[in-house]
Amino acid sequence: MSTKTISVVRDLLATNKQAAAAIRQELRSRGILCVNLLSSPGSGKTTLLESLSGRFKDRYRMAVIEGDIETERDAERIRAKGIPAWQITTGGACHLEAKMVGKVLGEVPAAIDFLFIENVGNLVCPASYDLGEEIRCVLLSSPEGDDKPAKYPQAFLSADCLILTKSDLFPHLPFDPAKAAAEALAIKPGLRVFTVSALRGEGMDALAAYFVEALARLRSAGA
Amino acid sequence: MHELSLVASVFDILEEKAREHGAARVVRVVLKVGVMAGVVPDLLESAFDIYKKGTLAEGARLEVVVVPVRTRCPDCDGEAVREDADFSCAACGSRRIEIVEGRELIVERIELET
């Protein structure tokens with residue numbers, strides 16, 4: 001009996017990265033803009049999607065993949081708006097992985113413009129998993145506090161866009177949106193920052209326009 | 001807390017390598033884990049110890065090499081090791097920083113018994 005040491009140098013996330021690359025390629029070829037929404041539980045991801053569905057109505061078609069540990073509730077809320085939605089229940093897992101999204105992808109109608117993926121509410125683990133999205137948005141709601149970018153840098157570092165939500169509560173809370181944005185920008189320069197109240201609709205036009213511009217860029221690059 | 005699912009990926013690699021080299025047992029596993037990889041080394045070790053029971057790595061020792069965040073500045077070419085979440089260049093203050101190391105999750109090498 002003898003022992004030998006062998007060099008492996010294998011990325012543990014390689015399988016996920018390959019699955020994500022396949023999803024990205026497929027969605028690009030179909031001309032669909034995929035957006036991955038990350039945040040803590042309760043920061044307003046589903047409400048944001050409900051509000052966007054109203055903005056896109058009759059002009060753009062969207063579909064939603066919902067990730068949650070349990071229940072169909074979020075998918076039901078989205079379907080109630082007339083939007084096709086698929087619920088992935090992870091049964092305890094703290095994040096979505098690309099292969100879970102890949103399984104649903106075949107059912108997503110070809111004739112849509114936007115595919116939103118609402119990740120499991122968690123500001124830590126989902127940051128490590130590419131789902132094949134074009135845009136990764138991190139939501140930070142005012143009740144969570146403006147110190148979150150510094151405390152959870154991985155999520156902000158991996159994002160393209162920061163959405164400060166529940167702006168209607170700003171006057172009532174010790175939340176400084178400028179500080180939250182500055183801290184996030186210190187981690188990720190170039191991050192696009194939006195401030196919205198999805199309940200009241202404030203700031204939603206600018207956010208919708210950002211997604212529409214990104215869709216146009218995706219399609220002109222693929223044309 | 002996704003350490004257990006990462007450990008499952010480690011075992012896929014261990015089984016593949018053991019088969020490739022005709023080894024009966026894995027005795028040592030060395031992982032490189034970046035500070036910014038989003039995992040906790042202690043939890044990886046606990047997950048590894050739970051997972052290994054009844055496998056070819058039952059008696060294996062896991063070593064986690066923690067990799068600090070190393071940045072490179074495209075403006076002045078300065079490299080630095082960062083211990084905080086300040087992603088500006090220590091030399092010239094530029095904010096266009098690239099993270100060269102510190103986000104990896106890699107099975108670096110393993111020791112097999114043949």
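Predicted model: local features only at pLDDT ≥ 70, side-chain atom pairs only at ≥ 80, totals over all residues.

Biologist: Leaving aside neighbours within four places in sequence, which residues is A:Val101 in contact with?

Modeller: Contact means that heavy atoms lie within 4.5 Å. By that rule A:Val101, once neighbours within four places in sequence are set aside, touches A:Ile23, A:Ile65, A:Ile88, A:Ile117 and A:Leu131. Residues are numbered from 1 along each chain as its sequence is written, chains are lettered from A and ligands numbered from 1 in the order in which they are written, and side-chain values use heavy atoms, with hydrogens and water left out.

Biologist: Where does A:Val101 lie, and is it buried or exposed?

Modeller: Helices (H or I, at least four residues) and strands (E, at least two) are DSSP runs numbered from the N terminus, and A:Val101 belongs to helix H4, residues 98-105 of chain A. A residue is called buried under 20% relative accessible area, exposed over 50% and partly exposed in between, with a 1.4 Å probe and protein chains only. A:Val101 counts as buried because its relative accessibility is 0%.

Biologist: How many helices and strands does chain A have, and what is its radius of gyration?

Modeller: Chain A has eight helices and eight strands. The radius of gyration is taken over C-alpha atoms, and the globule rule is 2.2 Å times the number of residues to the power 0.38. For the 223 residues of chain A the rule gives 17 Å, and the radius of gyration is 18 Å, close to that value, so the chain is as compact as a globular protein of that length. Of those 223 residues, 54% count as buried, and residues 24 or more positions apart account for 71% of the contacts with a separation of 6 or more.

Biologist: How should I read a charged residue such as A:Glu144?

Modeller: Lys and Arg count as positive and Asp and Glu as negative, with His and the chain ends not counted, and a salt bridge is a side-chain nitrogen of Lys or Arg within 4 Å of a carboxyl oxygen of Asp or Glu. A:Glu144, in the loop between strand S6 (135-141) and helix H5 (148-151) of chain A, is buried yet has no salt bridge, and the nearest side chain of opposite charge, A:Lys148, is 6.3 Å away. Leaving aside neighbours within four places in sequence, A:Glu144 is in contact with A:Ser40 and A:Ser43.

Biologist: Which side chain does A:Arg77 meet in a salt bridge?

Modeller: The partner is A:Glu50, at 3.0 Å from N to O. A:Arg77 lies in helix H3 (residues 73-79) and A:Glu50 in helix H2 (residues 45-56) of chain A, so the pair ties together parts that are 27 residues apart in sequence. A:Arg77 counts as partly exposed, at 33% relative accessibility.

Biologist: In chain B, which salt bridges does B:Arg72 form?

Modeller: B:Arg72 meets B:Asp77 at 2.5 Å, N to O, and B:Glu98 at 3.4 Å, N to O. The pair of B:Arg72, in strand S3 (residues 69-72), and B:Glu98, in strand S5 (residues 98-101), links distant parts of chain B, 26 residues apart. B:Asp77 is exposed, with a relative accessible area of 54%, whereas B:Arg72 counts as partly exposed at 23% relative accessibility.
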